[in-house]
Amino acid sequence: MSDVKSDAGSPPRRPYRSPKRAQAALERRRRMRAAAEQLFMRDGYEPTTMLSIAAEAGVAEKTLYLAYSSKAALLDEIIRIGVRGGEGDQPLTGRAPWTEMLAAASVAEVVARFAAGGAALMSRAARVLWLGEANAASDRQLQEARNHAHANIRTDMREFAAALAERGALAPGLDVDQAAAILFATCPNETIFLRLIDECGWTPDEYAKLIEKLVTGLLLAPDAPAA
């Protein structure tokens, strides 16, 4: 039953939507996510409370709970937006960097774009990905979100491996599922990225070059076609 009242005999009126209110709500969600990420990184996931996040964001605790049902749901959205590189429901593989990568003119360019995209993703999301992984064992909701994310990553890696196979670029004896498993284990790995960046002083560009070499050396045929 509609909550929108109308006069008898007249068509129901559409609910009023204010662009200013929508923008204010969006900015409030961004502020809450920023506050949560700051506190998670500074104080840790477990010690941080929804009350402290609300206070940091300058909103009532009830307002925070209306937007995010739990701390895990809040971290999950932070991770999802970081991985996708922006807000909205469109998955990573539906966004321009991924689709343009698959449409690149040569196999070498496909691999180079894949590596550069992975470095960009890790640069913006590796720390929150690590936070989610580190706390998944003690938080059932985070564990479920992590498992769902891993399934999505495996699907994405399979799509990339299949694109290489369609170009006749996979090494002899290597099928799409094997290639996807190798990619899943080595490429979207926040621990490898953070060790290289934080402990070894690497740059994201150097990390991208490593991923490019790994994909080329482990997956591609020596005589992979140029196109």
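The following legends describe close-up views of a predicted model.

Residues are numbered from 1 along each chain as its sequence is written. In this predicted model, local features need pLDDT of at least 70 and side-chain atom pairs count only at pLDDT 80 or more, while totals for chains, interfaces and linings use all residues; side-chain values use heavy atoms, with hydrogens and water left out.

**View 1. Confidence along the protein.** The mean pLDDT (the predictor's confidence in each residue, from 0 to 100) is 92, and 92% of the residues reach 70 or more. Helices, which are DSSP runs of H or I with at least four residues, are numbered from the N terminus. Confidence is highest in helix H2 (residues 50–57), at a mean of 98, and lowest in helix H1 (residues 19–43), at 93. Over residues 1–8, pLDDT stays under 50, and the model has six contacts beyond four places in sequence for this segment; a contact means heavy atoms within 4.5 Å.

**View 2. The stacked pair Phe 114 and Phe 160.** The structure holds three aromatic pairs. Rings of Phe, Tyr and Trp (its six-membered ring) pair if their centres lie within 6.5 Å, and planes under 30 degrees apart count as stacked, over 60 as edge-to-face and the rest as tilted. The ring centres of Phe 114 and Phe 160 are 3.9 Å apart and their planes lie at 5°, so this pair is stacked. It joins distant parts of the chain, with Phe 114 in helix H6 (residues 107–135) and Phe 160 in helix H7 (residues 140–166), 46 residues apart. Phe 114 and Phe 160 are both buried, that is, under 20% relative accessible area with a 1.4 Å probe and protein chains only.

**View 3. The edge-to-face pair Phe 193 and Tyr 207.** These two rings are 5.0 Å apart centre to centre, with 90° between the planes. Phe 193 belongs to helix H9 (residues 190–199) and Tyr 207 to helix H10 (residues 204–219), 14 residues apart. Both Phe 193 and Tyr 207 are buried.

**View 4. Charges over rings.** A charge sits over a ring if NZ of Lys or CZ of Arg is within 6 Å of the ring centre and within 35 degrees of the ring normal. The charged end of Lys 71 is placed over the ring of Tyr 45, 4.5 Å from its centre. Arg 154 lies over the face of Phe 184, 5.3 Å from the ring centre.

**View 5. Helix H4 and its surroundings.** Helix H4 (residues 71–84) has 14 residues and reaches 20 Å from its first C-alpha to its last. Its buried residues include Lys 71, Leu 74, Glu 77 and Ile 81. Among the elements covering the buried residues of H4 are H1, H2, H6 and H7. Just after H4, Gly 85 adopts a positive phi of about 80°.

Notes:
Helices (H or I, at least four residues) and strands (E, at least two) are DSSP runs, numbered from the N terminus. Buried means under 20% relative accessible area, exposed over 50%, partly exposed in between (1.4 Å probe, protein chains only). The expected span of a helix is 1.5 Å times one less than its number of residues.
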